[in-house]
Amino acid sequence: MKLNLTRPLIVFDLETTGLDLVNDRIIQISYIKIYPDGKEERENLFVYPEKPIPDEVSELTGITTDLVEDAPTFGELAPRLNEVFKGCDFAGFNSNHFDIPMLAEEFLRAEIDFDFSSVRLIDAQTIFHKMEKRNLAAAYKFYCGRKMEDDFAAHRADQDAEATYRVLLGELETYSEANQEEPERVLPNDMDYLAEFSKNSDNVDFAGRIVWRPVLDSKGNEMLDAKGKLIKKEYFNFGKYKGCAVDDVLQRDPGYYSWMIQADFTNNTKQVLTRIRLKGFGGR
C-alpha cells in the first residue's frame, strides 16, 4: 500500500547512550524519507556522542565508542539534518515517547529550534495499541480464554468487577516467572510496581514536568469549548507548585521561571515553559 502523503514523511529510529533526555546522546540515526510521489531516500548515520558509550549499550546495539570516534557529532550533523527534515512529518515506533523528545533535545543543544509542534507525529506503536482492542471483553478473552458474554451479563458493574479481578489474576499468571522465559516479560506480583506500571500521562513537555489538565468551572465541573471538546490547561507536575496552573505561577512568582531556565531540566521543558510565558505576554 502506498502512503497518502501531502508532504514528505521521515520514518526514523535512534540508538542512544541511554534513556536520559538531559545527559544521554544519540549514537545512531537512521531514516527513510518518503515523498508524496513515492520516491524514497535512506540514510544511516553514526554519531559521536562526545562521551563513552556504556558497555550495556554496546552489548545491546553492537555500537562501541571506537566504532563512532571518527563519526561527526550531532552538532556537526544538525544543520544538514535540519534542512533534510524541514517541512516533513515524522513516524516511528514509540517515537512520540522517546525518539522525538531525544531528537528535539539534540537539535536544541545544537542551537537549532526545530519546531516539532508544527509537524504531524505518527507513532506506529500507539496505532497498534489503539487498533487492537484493549477493552475488558478483549482482555477477558485473551487472559481467561472465554467470552465475557458466556460468563457474565453485559453492562453490570458487579459482573465487570468480577471479570476485571479474573483478568488481573490471569495477567499475573501469564506474566509470572514460571510462564515467561524472557525476564523483560515478567510482571512482578507487587502492588507498588503494578501501580507504577499502570500510569498514563498527558504531558505538555516530553519529560512530563508540565501536564495538561481539564479546566474546571466554579462548581468543579470540567469545561467544554464551543465544539464540545474538553478545555485543558498546562499545570506543573512536580515540586512546590505541583497541581498549579503554569501561567498562574509565572504571574505570582516570576523568579520560578528564571530558576527553571537555569536548573537541570531538559531543553524541551524550558522551551515549553518559555512558550507558555510568552503566550501570557500576548506572544511578545
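Visitor: How many of the 15 residues of helix 4 are buried?
Guide: 12 of the 15 are buried, so helix 4 is largely enclosed by the rest of the structure. Buried means under 20% relative accessible area with a 1.4 Å probe, protein chains only. Helices are DSSP runs (H or I, at least four residues) and strands are E runs of at least two, numbered from the N terminus.

Visitor: What should I know about the model itself?
Guide: This is a predicted model, where local features need pLDDT of at least 70 and side-chain atom pairs count only at pLDDT 80 or more, while totals for chains, interfaces and linings use all residues. Residues are numbered from 1 along each chain as its sequence is written, and side-chain values use heavy atoms, leaving out hydrogens and water.

Visitor: Okay, what do the buried residues of helix 4 pack against?
Guide: Among the partners are strand 1, strand 2, helix 3 and helix 12 (267-280).

Visitor: At what angle do the axes of helix 3 and helix 4 cross?
Guide: Roughly 115 degrees, and the axes come within 9 Å. Axes are lines fitted to C-alpha atoms over the stretch in contact, with angles from 0 to 180 degrees between N-to-C directions. That makes helix 3 roughly perpendicular to helix 4, a word used for 65 to 115 degrees.

Visitor: Which residues make that contact?
Guide: Phe74, Ala78, Leu81, Asn82 and Phe85 of helix 3, with Leu103, Glu106 and Phe107 of helix 4. Contact means heavy atoms within 4.5 Å.

Visitor: New topic: what comes just after helix 4?
Guide: Glu111, which takes a positive phi of about 65 degrees.

Methods. Angles under 35 degrees count as roughly parallel, over 145 as roughly antiparallel, 65 to 115 as roughly perpendicular and the rest as oblique. Buried means under 20% relative accessible area, exposed over 50%, partly exposed in between (1.4 Å probe, protein chains only).
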